[in-house]
Amino acid sequence: MDDLPEHVAENRRYWNAMAGDWVAAGERAWASEPSWGMWGIPESDLGLLPVDMGGMRAIDLGCGTGYVSAWMTRRGATVTAIDISEHQLATARRLAVEHELSIEFILGSAESVPRPDASFDIAVSEYGAAIWCDPYVWIPEAVRLLRSGGRLIFLGNHPLTAVTTPVDGAPVVRTLVRPWFGMHLSDWRHVPIDPGGMEFGLTPSGWIDLFSAAGLVVERYLELQAPPGDPDETPFSVSRGWARDYPSEQVWVVTKR
């Protein structure tokens, strides 16, 4: 993987360095029923995955420790999973063996997947490509990989979190800090608090314009609310109290024309 784009190389370094911090969470997710995002909202509440995926070919874009791949495999899909981090994939491969699930893992970027056109019926990203890859690159690549009528489902940060994150990288606040218009790349390498990684995001209108240009039709758009609980609990720079009042995560479900 020589000559990687700057953001791909940085995110590979970042996730390799912190992969050990995600092993326990990955083990729990592999052993659990599907639940989504930082707040663990049950799949039974969101209905993102087909109940029966028998005969479906699925790809997990930026799979991390591979738990979404496990969920789809258990529902009957034939799953391919790709991630840029060797260390994350080492955990994923170990857990696949332990859970006796057959999943094809690829070391690489979701911006350039070494598989033929129209190879998959469904593509999924929970965070992964959804925030760590350039949408102007990975969305057209996902479209290339999907058959006509295939579905792309992805979950990531809501754009409100981008414009309410202080310049020092501290947890989100209840005032606007950054501009709404023109959002695309957030470079966290040099912030004082939790430095590292380069994330991407668009406004909803930006996503819709991109989908239209790429040949995708929007089926669903969800803005996720944190369940009740301790308002001061703050995973991943967003407090539960904040996420009860404002959406911290979004889900897009789109279909290839």
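Me: Hi! How many aromatic pairs does the count come to here?
Reply: Hello! This is a predicted model, and the count comes to 14 aromatic pairs. One of them joins Trp36 and Trp71: the ring centres are 5.2 Å apart and the planes sit at 80 degrees, so the pair is edge-to-face.

Me: Which parts does that pair tie together?
Reply: Trp36 belongs to strand β1 (residues 35-36) and Trp71 to helix α4 (residues 67-74), so the pair ties together parts that are 35 residues apart in sequence.

Me: Is Trp36 buried or exposed? And what about Trp71?
Reply: Trp36 is buried, at 1% relative accessible area. Trp71 counts as buried too, with a relative accessibility of 3%.

Me: Which rings are linked into a cluster?
Reply: Trp138, Phe154, Trp207, Phe211, Tyr221 and Trp252 are linked by ring pairs.

Me: OK, on to the core. How many residues are in the largest nonpolar core?
Reply: The largest nonpolar core has 73 residues. Among those with the most contacts inside it are Trp36, Trp138, Ile139, Leu152 and Phe154.

Me: What does Ile139 touch, leaving out residues up to four places away in sequence?
Reply: Ile139 touches Leu152, Phe154, Trp207, Leu210, Phe211, Ala214 and Leu216. Ile139 itself is in helix α7 (residues 135-145), where Trp138, Ala142 and Val143 are among the other buried residues.

Me: What caps the N-terminal end of α7?
Reply: That's Asp134, with a side-chain oxygen 3.0 Å from the backbone nitrogen of Tyr136.

Me: Strands next. In what sense do β6 and β7 pair, parallel or antiparallel?
Reply: Strand β6 (residues 120-126) and strand β7 (residues 146-157) pair in the parallel sense, over six bridges. Val124 stands opposite Ile153 in β7. With strand β11 (residues 249-256), β7 pairs in the antiparallel sense over seven bridges, and there Leu152 stands opposite Val254.

Me: Switching to charges: how many salt bridges does the structure hold?
Reply: The structure holds 14 salt bridges. In one of them, the side chains of Asp117 and Arg144 meet at 2.8 Å, N to O. Asp117 lies in the loop between β5 and β6 and Arg144 in helix α7, so this pair ties together parts 27 residues apart in sequence.

Me: Is Asp117 buried or exposed?
Reply: Asp117 counts as exposed, at 53% relative accessibility, while Arg144 counts as partly exposed, at 24%.

Me: Last one: which residues are linked in a network of salt bridges?
Reply: Glu6, Asp187 and Arg189 are linked that way.

Technical notes
Residues numbered from 1 in each chain as written. Predicted model: local features only at pLDDT ≥ 70, side-chain atom pairs only at ≥ 80, totals over all residues. Heavy atoms only, no water. Core = buried A, V, L, I, M, F, W, Y, C linked by side-chain atoms within 4.5 Å. Buried < 20%, exposed > 50% of the residue type's maximum accessible area, 1.4 Å probe, protein only. Contact = heavy atoms within 4.5 Å. Pairing = 2+ DSSP bridges. Helix = DSSP H or I, 4+ residues; strand = E, 2+ residues; numbered from the N terminus. Phe/Tyr/Trp six-rings, centres within 6.5 Å; stacked < 30°, edge-to-face > 60°. Polar contact = N/O pair within 3.5 Å; in protein donor to acceptor, adjacent residues only side chain to side chain. Salt bridge = Lys/Arg side-chain N within 4 Å of Asp/Glu carboxyl O.
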